Amino acid sequence: MVNVTELRPGNYFVEEGNLYQVLDILLNKTAMRKMVAKLKVKNIRTGAVTEISRNSGYPIETVKIDKKKMQYLYDSGDFLVFMNQTTYEQLELPKDRLEWESHFLRGDEEVDVTSYGDEVLGVLLPAKVVLKVVETEPAVRGDTVNKAMKEATLETGLKVRVPLFIEQGEEVYVRTDNGNYDGRAN
């Protein structure tokens, strides 16, 4: 147990049966009142982001989240299949729980699978991934006003807006936090 004011972004804690990750913390001390910690937290199981306020001295039970390097193998329809590289143990995670993450997973890619005790929580993606453009319109000459962009479909089915000079078959960097184009990979 730690004091709520000792939490930092990235810490995990359990409160009322819910597992939270601290995204941001603001400590506010005014006049004769106790210090108040305003926490912006993400519920790991539901993905909901909320704000919680607690007075200084409030005890919080911090927990450790385990991360295992696993290789993404394939999509079996309802499940995404991962394999531990050392033990060859395979793990199936429901596709509906990894809907966003599945847009950035290519076969044979290594990712961190997070768990708390025996419960598998999800997949941690790198900040950027390289994906191949499988479909996009050709650029229209003279259409270059204010960062002209066009729609492109990537190999995982994700649709992103890319600059006009990107052509079909090229690889691009895509940010995993918002799904935006982040540069040419070549």
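## Charged and aromatic side-chain contacts

Lys69 and Asp112 form a salt bridge, 3.5 Å from N to O. Lys69 sits in strand 7 (residues 66-75) and Asp112 in strand 10 (residues 110-116), so the contact ties together parts 43 residues apart in sequence. A salt bridge here is a side-chain nitrogen of Lys or Arg within 4 Å of a carboxyl oxygen of Asp or Glu. Strands are DSSP runs (E, at least two residues), numbered from the N terminus.

This is a predicted model: local features need pLDDT of at least 70, and side-chain atom pairs count only at pLDDT 80 or more. Residues are numbered from 1 along each chain, and side-chain values use heavy atoms, without hydrogens and water.

The count comes to 10 salt bridges. Among them are these:

| Pair | Closest N to O |
|---|---|
| Asp75 and Lys95 | 2.5 Å |

Glu15 lies in strand 2 (residues 12-15) and Arg54 in strand 5 (residues 49-55), 39 residues apart. Glu15 has 9% relative accessibility, so it counts as buried. Buried means under 20% relative accessible area, exposed over 50%, and partly exposed in between (1.4 Å probe, protein chains only). Asp75 is partly exposed at 36%. Lys95 is partly exposed at 28%.

Arg54 also lies over the face of Tyr58, 5.2 Å from the ring centre. Lys128 lies over the face of Tyr173, at 5.8 Å. The rule requires NZ of Lys or CZ of Arg within 6 Å of the ring centre and within 35 degrees of the ring normal.

Note on methods: Helix = DSSP H or I, 4+ residues; strand = E, 2+ residues; numbered from the N terminus.
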